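Hello,

Here is the structure for your files. My notes follow below it.

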Amino acid sequence: MPSPRSSRERRAGSSSSGRPEFLSLVSQRSTGSPDSPSRRKESGSSAAAPMPEEDCMKLNPSFVAIALSSLLAIDLWASKRLGVCAGEGSAWGSARPLMKVIEISGHGIPWLLGTFYGLCQSDSSAAREVLLNLLFALLLDLMMVAVVKGIVKRPRPTHNKMDMFVTISVDKYSFPSGHATRAALVCRFVLRHLVLAVPLRVLMVLWVLIVSISRVMLGRHNMTDVLFGLLLGYVLYSVVEYCWLSPLSVPALFALWSH
Ligand SMILES: CC(C)=CCC/C(C)=C/COP(=O)(O)O
């Protein structure tokens with residue numbers, strides 16, 4: 001007949017042999033795990049070698065680490081499934097040329113060249129001010145995306161075909177999506193500083209959504225790259241507004257453009 005377990009053992013969640021049946025995260029955090037080096041030291045067991053710090057971390061990953069790696073796993077899985085235009089042979093491969101046109105609509109070169117051209121053609125001081133700030137916003141965006149890509153160094157999805165129109169070295173990385181960042185930034189900028197009819201304003205927001213979705217469908221990005229890109233672009237607009245360039249703050253720059 002098995003010997004009755006003492007109430008103390010039951011409370012501690014351990015069996016009669018003294019080995020734990022349940023590992024409470026809370027009690028492990030407050031007292032250290034039963035097998036942790038500190039516990040072993042306390043119990044006077046000199047035979048077992050202390051566990052290196054990294055091993056403890058691997059065995060007891062924090063809740064945040066588990067949540068993050070689960071999110072990343074879901075992100076990789078869902079992004080791969082949504083990458084339906086990643087190649088000509090993919091499920092929606094025939095839509096790839098259209099996706100690439102959408103890609104060019106959010107590329108940095110047309111936006112930079114278009115803004116520069118508009119600046120050269122502008123004949124009012126209000127237009128010059130807005131376009132100069134748009135140029136500043138586009139350059140700030142390129143720089144910030146390059147810095148974050150260079151720090152995070154997240155490779156592009158394996159199913160991506162690297163056949164993009166004009167890229168720079170950090171564009172081999174995918175976090176964050178430069179297109180999503182630019183689309184969110186330009187959209188906020190245009191809605192705030194251009195007087196547009198409502199249908200055009202709606203079209204602008206739709207364009208952001210289409211550019212963002214197309215990044216994942218083309219297989220260029222995982223969903224988290226695009227979501228972070230949108231957030232970064234949104235925040236960058238606030239930076240641009242905060243640093244707004246005006247003939248009062250940078251007269252020399254405006255003198256350069258006045259005819
Ligand atoms: C060369 C210039 C001026 C811009 C590069 C634009 C570009 C290719 C960004 C990468 O975008 P994703 O990160 O969304 O793929």
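Helices are DSSP runs of H or I with at least four residues, strands are runs of E with at least two, and both are numbered from the N terminus. The model is predicted, so local features need pLDDT of at least 70 and side-chain atom pairs count only at pLDDT 80 or more, while totals for chains, interfaces and linings use all residues. Residue numbers start from 1 along each chain as its sequence is written.

The unreviewed UniProt entry annotates residues 131-152, 194-214 and 234-257 as "transmembrane region". Positions follow the numbering used here, feature names are shortened, and annotations may be inferred rather than shown by experiment. Residues 234-257 are 67% helix and 0% strand, with end C-alpha atoms 28 Å apart. Residues 194-214 are 81% helix and 0% strand. Their end C-alpha atoms lie 26 Å apart.

Last, Ile151. This residue sits in helix 8 (residues 125-152). Ile151 counts as exposed because it has 11 C-beta neighbours inside 10 Å; the cut-off for exposed is 12 or fewer other C-beta atoms within 10 Å, with C-beta atoms placed from the backbone. Ile151 and Tyr173 are 22 residues apart in sequence, and their C-alpha atoms are 9.9 Å apart in space.

Best wishes

Terms used:
A residue is buried if 20 or more other C-beta atoms lie within 10 Å of its own, exposed if 12 or fewer, and partly exposed in between; C-beta atoms are placed from the backbone.
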